Amino acid sequence: VTDLIVPVRLYALVANYKVRKFDEFRRWSPRYSLMLNPEYQSTAEPPPSIYDDVDVKSFEGVHLQWELPEALTAGHIDPGSGESLFPLVPNRWLVVRYAQPGSAMKAAGWVIESDYLEFHDADGDEGTTLYLNPLGGEPPKLDYLGRARALADGAWTEPRSRPLFLTAVGTGLPAYAAFASYQQNVFAFQDTLQDLRDGTSHPPDTTLSYAVVGWYSKDGDDILVRAREIPGLLPPEADPDDLREVIDALGWSAPTGTPATGVCSRYYGTALGVRWEREGDHPESDRPLADGVDVAVGHSTAEAAALLVGEKYRSRRAGELMRALYLGDPDALDGPDGEKEIDELMRRSWFRGHEAGYGWRVVNRPADSADSQPPPPVQPDWVPTLNQHQAEYARELAALIDDQWRLWRVWWMSRLNPKWHHPKNPDYVYDTAKWNAEIAAARSAVSSGLTRVEAALAKIPHGDTPEEMQEAIDAYAEGKHLAVELELKRSPEPAYHVPSDPVLVFSGLGNNDPLTRDGALPCRLGDGLLAEITIGTATHRPGASPLQPPHTAQLPVSCTRLIAELELLDTAVRQNALQPIVEDPDGMSGGPWPEYTRVWKQPWLPMYLQWEAVHCATPYRVGAAEHWTFNGDRYEWSGNGAESGSGLGGRRWTVFEGRSYLTPAFNYVAAEQAKRLAQTAGSELASGLRALAGTLGDDPLLSQTLDGLHDWLLQQDGAAHSVTAPEILPLADETNHNPDGCGQRAQRRFQPVRGGQFYLRNLLIVDRFGRILRKVSGNDSQAAHFDPKRAESVKPDEDLYPNVPGPQRMFQLPPRLLHHTRLNFDAAAIGGWVLFNKFDETLMVYAPDGTALGELRVVLKPGGAREIAWNPLPPSRYDDPADFTGLYPYASGFASGLLGREHGDFTALVKTIDQTLARIGDPSPVEDRSPVRLAGRPVALVRAQIGFEPHGRTLTDPSWDEMPAPAAGSYPDWLWTVRLGDDDLLADGLIGYYCADSPGGTTRYDRMHAVSPAVTGNPYVPPIGTGATLRLPAKASVVHEVTLLACPHTAVIATTDIMPVRRMELDADVTHAAMARIRASFRLNPLLAPERFDGPVPTATGWDQRGDNTPSRALDGGRETYYQSHTAPKPGESWFTVDLGEVRPVAAVDLWLGRDGSDYPSDSVLLQASDDGTEWRELVRSSQRQTEVHHRLDAPLPARYARLGYLNTQTYGVRIRSFQVTTEPSHRSIVMPRPAAWHGDWSWAEPSSAGWTELPILAADSLTHPDDPAPVARAGYLQLEPKGDRR
Amino acid sequence: VSVLVPYRVRSAVAEEAGFHRLVVTMGGEFPGPAAAVQCDEVVVRVPYATPAGNGEPVGYRVKTTPVTGRTRGRHWEVAVFLNDLAGLSVACVPAATATFDGSWDITVTVDVDRPLGGTTEIRERTHEGDGVFAPRSVNRGVEAP
């Protein structure tokens, strides 16, 4: 067997007299006894205010702690159970100490049995740390973990063979692997040095060197063997039997010569040159003075860290760049909306998402090449049904989760000891009957909810694993006979949001350890260790018989070799020669250099942040009065409504204390982002980015959220408690929160809508050994001097009370819904199109499909008044916008709203459109080249819905005084502003919107709220301003419907401050197809021009007809008239045929079928063409239901006939509104000077008895045309139609 | 019923400004001849000079000297309860039954950020010899320094 030597970091804290006496420590132990004791039911970890005193006597000595390699501390999710699992870790550790207390060197040794369980293993010794026996089954049993055996007391042999259980997280406390106080005689050891006393009362001053060597007591549990069980660790192509590949997957580097099998892992670390002076000075460490630590506070890490970076480099720009880098898009800063975009990204980071279920769609299976991807398929009828079932499941699940929380809350509280938890107020009465009734009701609700969820789940594809899920999807699709080229896809719905807890970022904390290792961990082999070192001119090599502790014979064979290496390095320590060797190992040593070898320094390893935040609520609303005002960008506090009480300044204060881990996450993320960007950057920039990534590890910023602040405001406690009791588990399920009933009434603070200010009364940094740095402490007057950097978003708008002490340390929490909520802002439909024709000074209005409806222009009325009038545009016959209210209500509303208004309103509107479009960036260059742009840019009339959708039921107050069945509060009725559009953002497409006075009301088209009105004071175009016209409660049932006037290519922004900014974009396929049909019309009156005609008139025949809806009506050019058959067509027998009179080159056939709009579309159409009426060529065969068929031939097809039939048997007679066969060239034309045809085709349209007559333009020439009729004065429109694709 | 465990209640200067300290030592030498006392809970109620008002949060720190050993209760766990506006209660519970025999003690240091007043109520669950655990209590004023 070959030993693989894996390096570990070994820290040694010297606790001499001054350290014990003058350093402050915060060490604590888990409270499993209290947690399991029904009398107390406390949290597993004590709150920050409860801790162990560091005993001056017993703490003396050297405290060792070793840090497990990352591969052993990384968890993974078990795909079967969904639980987090961690790998087993080495459970035996040899600690060796070299000392020279007098003239002779001494070696001492201890074996740490990390997983010794005092009660379970029962061999007489006491264990060290209270633990929950993982081998004892349920309910959890207390035990004591870990022991140390001094080798001086006798030989150590492996004492037992039972299953291993120890992992880096111990009983599940994440800090287990790092906090020394949890780990005594597990991964930490206190050397009291008492064995060095030689007749003296205290250990003498001396220099010490330590080594630890770790191993698994069972080779079969070695990580090298068990790693194959970790899902996803080994690459698919890796051979799990080749341990070199396993080593590589663990992030370790296997040295040359490592065999593929028969390798065991050993773990080794040293602490060299530990200076022990009992009465000596405080050893120097990296712990800074409190004044040298800067603190920044913001709503996200990026926001707070940018302040410190800006401060460090004395450049706000530097801070912004780092913020942009952290958020992942520094290039955005150079874009036209740069700062705005980064700002939006940052604001997004103020929130965290919450899964919101799924939606289903049928999509094309990915094609081999992107070019051959067909258009998106029409959704089968069963897809909406499936989505309804999915939504039903999501609803039922949300209700069940609410009911489970309701049950857990009332059940948990009912079992709390009244002595400790109920308000000690004479007026408080615990009504047992009421509580029991509520528990019974909640049980019943959960039971029926479980049944409903199960029933809902059965209707949708589902599975526990990704593989099962895909199988279920495939089976479902197969059951629906989905075509093979299509697939059923599930995609997540937009997430719900809640605000993230505020973040503190620190600089100057004196910790330079990166979050994760960059590069593989260099391992060595047991027979390939350090071969020599150079001290002065002498070369030293490891001795064959190093000085060893007694009784090492039973230890792994590598121990002796590693002790020999310790001896070699200790030789350098004692000659003050280690530092140069550490600095130049290649030059001054031979053989593989042991990673992490360095000269000892007193460790300072910041790990925890502990805080005490004092909070005063400044509610959004009190009674009917709102105390926060939306300024269009964020909410501002008016200075009123702060809660009154008998606390400082006459305010009511509550205290939130907590503890969580500090991480250098900011530097890590920024460095990783830099590396990512470097992969695609140019060489110069890439090298700069890589250099930046390399330096980001220097003096990293440590950050931490004030974890649990928002839970605390909801009176929920997320700290670890005992597991859910089996009697309630099947109903309540596992929960990670407990209600806080606030027996101390003065601490009641239930705030489902956050709003307040706080300051930090206590802020401590605690290191791995429990040593602390006080940044803020003491009473209020001391804490008042705290001067943090504050992001703008946390600076209070007003002081909580006059002359508040230390206003610079106050932080504002603007109003936020703590209820998971999302802002829905979706386009319900394109309501039409509007184009401002600059040449004609008209507003042209189009139907949703791009067909012209009419134009609005200012006309002079009798009497001299100028007002807005309406003219239909070809092919429309609508003489009044009211005529198409039923078909196109939003276009009609828009046009009707303008009709009859004054000239000034028209000017204000068109100028506003024009100016806003000039600001909006147009990201669609294809459509930008459209000839319609000669006249102007089409803008869309979009019907959109806006609403807040909370997830689940209204949150309720769990205070004892409200329980067991608390009433729902009023916060769901509170109104929030939604401001649409952003004048400062080029990437916002909104021009303005029309809305009702209140949600659910009738949309008012007599004013357009404009993002940026071009004319001030015009009543038709008022500014959106702060957006106060759109106010909504956070209720799913309340929706504001608005009609937007917007650029079709650019998203419309909705800003609320209480949610991330929401963007609404139109489906590009839909807009593109509609815009391709938009024709620009230029009014020409009078035009003196003759018409030239030289061909037969097309005729049509059907199989029968109803009433006077003759076949010829399908050829009259209008879509309001139609051919209607009396009987249903029979497939292969009933044809509607158009005869062109002669064979002509047919370029296109356009059909409008069924009723206008989407009702009664025809299906299964078959379109054919023929030159002789006998042989037919198929043009279109479609089984899709549709109201329009537009078929373009790649090359004109010679044909005289075109006919339409149906593939399926129809139930009723059918309707054909228009059957248009386009030939090139046409026979009729108008003779006039033809405009340039660079951008499209020009035609002439003029009113006729049938509606409109549209004629091609024949260029006038200088020849004589005696057959031409006499020219007549015409009034009509020159029309410009785009070339190319007209989908 | 009077308590079996010896207690000392002293005041001291807290490290943090604005805090008031009470030091309670449990155990130590018995004032007279006594058998060993088995103990599985001690609750110390520290009264405030004036009850906390609405919106006057009580800040506290509680530290205990670490003890080890089977006869000393292995280790002691502490919980603090604030549901009484007139004083806070510190519950000290050994992980195993502790035997006070005069040879050892445990000290609980309570810092509170408001003035303290009145007598400290100490409740214990103890027994001597082969007896059964029973609640006992005593009120103690602060000893002279």
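This report looks at a sheet with its packed helix, and then at the cavities, in a predicted model.

## Ground rules

Local features need pLDDT of at least 70 and side-chain atom pairs pLDDT 80 or more, while totals for chains, interfaces and linings use all residues; side-chain values use heavy atoms, without hydrogens and water. Residues are numbered from 1 along each chain as its sequence is written, with chains lettered from A and ligands numbered from 1 in the order written.

## The sheet and its helix

Let's start with an open sheet of eight strands in chain A, ordered β9-β10-β8-β7-β12-β14-β1-β22 with mixed pairing. Strands are DSSP runs of E of at least two residues, helices runs of H or I of at least four, numbered from the N terminus; two strands pair if DSSP finds at least two bridges between them. At the edges, β9 (129–132) and β22 (524–525) of chain A each pair on one side only.

Strand β1 (residues 2–7) of chain A runs antiparallel to β22(A), with two bridges; Leu4(A) has Leu525(A) as its bridge partner there.

## The largest cavity

Six cavities of 30 Å³ or more turn up in the whole structure. A cavity is a set of points on a 1 Å grid over the protein atoms alone where a 1.4 Å probe fits but cannot get out, and lining residues have an atom within 4 Å of a point.

Helix α9(A) gives the largest share, four residues. By class, the lining has three nonpolar, one polar and seven charged residues, where Asp, Glu, Lys and Arg count as charged, Ala, Val, Leu, Ile, Met, Phe, Trp, Tyr, Cys and Pro as nonpolar, and the others as polar.

Note on methods. 1 Å grid on protein atoms, 1.4 Å probe; cavity = no way out; pocket = protein on both sides within 12 Å on 5 of 7 lines; lining within 4 Å. Points joined across faces, edges and corners; volume = space filled by probe spheres on them.
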